[in-house]
Amino acid sequence: MADLEAVLADVSYLMAMEKSKSTPAARASKKIILPDPSVYHVMHKYLSERGEVQFDKIFDQTIGYLVFKDFCETQCDEPVPQLAFYEKIKEYEKLQFLDERLIMAKEIYDNHIMTELLARSHSFSVQAETKVREAIRSKELTSTLFELTMNDFSVHRIIGRGGFGEVYGCRKADTGKMYAMKCLDKKRIKLKQGETLALNERIMLSMVNSPFIVCMTYAFQTPDKLCFVLDLMNGGDLHYHLSQHGVFVEADVKFYASEIILGLEHMHDRKICYRDLKPANILLDENGHVRISDLGLACDFSKKKPHASVGTHGYMAPEVLKKGEAYDSCADWFSLGCMLFKLLVGHSPFRQHKTKDKHEIDRLTLTYDVEYPESFSEEMKSLLAGLLCRDVPNRLGCRNAGAREVKVHAFFKGVDWKLVELLKCDPPLKPPRGEVNAADAFDIGSFDEDDVKGIKMMESDQEIYKDFNLTVSERWQQEIAETVFKVVNEEHDKLEAKKKTKHQNSISVAEDGDHLLEGYLYKLGGTLMSNWTRKYFHLFPNRLEWRGEQAGQMPSLLCMENITGVEETQVKGSKCIKISTNIRDNRDHILRADTETEFQEWMKEIKQSFQQAQVMMRAGAKIMSSGHRYITQYSKEENGPVSP
C-alpha cells in the first residue's frame, strides 16, 4: 500500500510538471484579475512620492518594459524603431558563436545604425561609430506587492527534508509555474531556538538573484509555518549523482566549477559568506545546469565578520574551525577546493578512509597537506593547491581580486565566462526526463510530532515574524511575463470594453481638474452603523465628494469647513479613517480601504487637505477681523475725533 501511494505521489508531481509547460490558460487553475482602474490614481500618487515613476526605473523592470512596448505599439501616433533596435541588441548579447554574432552585428549596423545616420535622425558619436565599424571589420565581437496563502499553490509530493521542516514541489495556481516550497515548522523552530536562523535565511534570500543560486520569489507564513517559495530544481543534487554516476572527469568538474564560481561571485559581491558549500547543496535543473542551494547558514559580513564555527565537517576552512577567529568569504574558496576534490575522487580531502569522526576530520583540515592522485592534471593540482591553502592571504580567491583570480587560473583556460553566464555551455550530465530524481516520499520520512506536542505559539512568538512576508518584485514580474502577461491583458481589455458604457454612466471623472485623489472606499453606514457600502470618492482641496455605484446617483458632499478632525481608528480589527464633523445629524464618517497602501495614501491626503483648509480659514478670519476694525475706525474718524 505504501509503494502504491509513493507511485501515485510521483505521478501527480510529474503531471503537474508537464502541465506547467503547456499554454498559460491550461497551466493556471486560478485567474489573475487586474485591479479596478480606480486603484491606479492612488498607486500613481503613492509611487510618485517615492521617486518610482521614472522612465529608467519602469523601463528596466520586466513588466514595465512590456507595458511600455505595448503603449508604443498601440497608442503612439508615430512608430518607435528604437524598440526593435533595443531588442536586437538584447538578442545579440545572448548569441553563443562568433559567426552568429558577426552576422547579427552587420544586420544591426545596416538596419538600425546606418539608417539613423543616413536619415540624420540621431547623433551617434564619431567614436562610437568608428568602434562598431572596426569591430565588425576585425571580427572581434564580444557579448556584452501581495499577501499569499497556501490556497495560492497546489502542493504536490515531498522532495526533501531539513532540520526545521520539509520541501515540497508545488504549482502557483494563478500562473501555473512550478516552484519548490520550503516549509519550516514554527513550533520546531521555537523548540530548537532557531528563530534567528530562519529570519537570517529570509534576509539572505532577499539579497540574491542569480541563475546560479536557488533564489526566492515569495516568502509568506501561516499560523504554523514559515514558507519560502524557491526555484524548483528537479534534477537532483551532485551528491546524489556522484553516488549514481561515480566520480567525474576534469572536463565535467570544470563545467560545474564554472557555474558554482559565478554563484559564489554573486554572493561575495553582496558581502555574503555562504559557509556550506558541498555536493549535496549543488542542485541540477532539468537541463543539467547547477545552482547553489540552502542559504540557511549564509551570513552578511559587510559590517561585522562572523566568528561562529558552522558548516559541514570536511568542507569547513581552517579559520572557520578555529573558534573565535574572524573570517569572511575567503572561507568559501577553501570549501570549493574540498568539493571539487570530492567530485574527482569520491571523498573530501580530509576524510580519509571514510571516517565519520568529526574531530579527526577537523584535525586533518588544520594539519594535513593534501596529496593529489597522479591522474590529476597539473592545472587541476595547481587549482586545488591554491584553493586549499591554509594561509588565507595566499589562498586563491583571497588575494584582493576575489572570483576573478579563480576565473583566470590556467585550469579555466578556454572558458568563455560570458557563455557560462548565459547558460550556453552544454552540461555534461542531463537528468533523465519523466523521473522525479528525488528519494521516495517514505524514504525521506517525516518528523515525530510528539517532539513539539507541548510547544505553544504565543502572540509574542508570532510577533517575531511580523516582517517575514515578502514578494520579490523582479522575480514576480519575470514569472508573469513568462506565463500569463498576454492572456491577462487580453481578458482585461475585453472586460473593460464591456464595462465601458456602464462605467461612463456611473462613475465619471469630476469635471473639476483640481481633485487630489480619487477611487473606491468603503463607508460605514446603516441604522446601527454596521453596514459597509462601496462608494467612489473624489478629494478636492475644499471638499470630499462620493457617490454610489448605481447610475444617475447625485454625489454627497462634505466641505472642509465642516470637518473638525481626521484620525485613524479601528473597526473590527480593520484600520479606518474617522472624519469628525460639526454637522448635527451626521457627525462622524468612517471610511475603509481595500489595502494598506490605499489606506495610508487616503489618510495622508485627507488629513493634509483638512489641515491646509484650517490654516486658510484662520487666515481668512484674521483678514475679516482686521477689515472690520479698519471700517469701524474709518467711520468714527468721519463723524469726529476719536479719543485715545
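Guide: Contact here means heavy atoms within 4.5 Å. The model is a predicted one, in which local features need pLDDT of at least 70 and side-chain atom pairs count only at pLDDT 80 or more, while totals for chains, interfaces and linings use all residues. Residues are numbered from 1 along each chain as its sequence is written, and side-chain values use heavy atoms, leaving out hydrogens and water.

Arg 395 counts as buried because its relative accessible area is 0%, the scale being under 20% for buried, over 50% for exposed and partly exposed in between, with a 1.4 Å probe and protein chains only. Once residues up to four places away in sequence are set aside, Arg 395 touches Ala 317, Pro 318 and Glu 319, then Cys 330, Ala 331, Trp 333 and Phe 334, and also Gly 386, Leu 387, Cys 389, Arg 390 and Glu 405. With one of these residues, Glu 319, the side chain of Arg 395 also makes a polar contact of 2.8 Å; such a contact is a pair of N or O atoms within 3.5 Å, one able to donate a hydrogen and the other to accept it, and residues adjacent in sequence count only through side-chain atoms.

The side chains of Lys 182 and Glu 201 are joined by a polar contact of 2.7 Å. Apart from neighbours within four places in sequence, the residues in contact with Lys 182 are Glu 166, Val 167, Glu 201, Leu 226, Cys 227, Phe 228, Leu 230 and Asp 294.

Asp 294 is partly exposed, at a relative accessible area of 34%, and although Asp 294 is not a glycine, its phi is positive, at about 60°. A positive phi is found again at Lys 572, near 55° and likewise in a residue other than glycine. Lys 572 lies in the loop between β15 (563-571) and β16 (574-581), and this residue is exposed, with a relative accessible area of 79%.

A further position from the record is Asp 276, which the unreviewed UniProt entry covers with the annotation "active site". Asp 276 is located in the loop between β6 (272-273) and β7 (282-284), and with a relative accessible area of 9% this residue is buried. Neighbours within four places in sequence aside, Asp 276 is in contact with Asn 281, Leu 297, Gly 311 and Thr 312.

Finally, Val 155 is part of strand β1 (residues 153-161) and is partly exposed, with a relative accessible area of 41%. Not counting residues up to four places away in sequence, Val 155 touches Tyr 168, Gly 169, Cys 170 and Met 181, and its C-alpha atom is separated by 8.8 Å from that of Lys 172, 17 residues apart along the chain.

Methods: UniProt positions are given in the numbering used here, feature names are shortened, and annotations may be inferred rather than shown by experiment. Helices (H or I, at least four residues) and strands (E, at least two) are DSSP runs, numbered from the N terminus.
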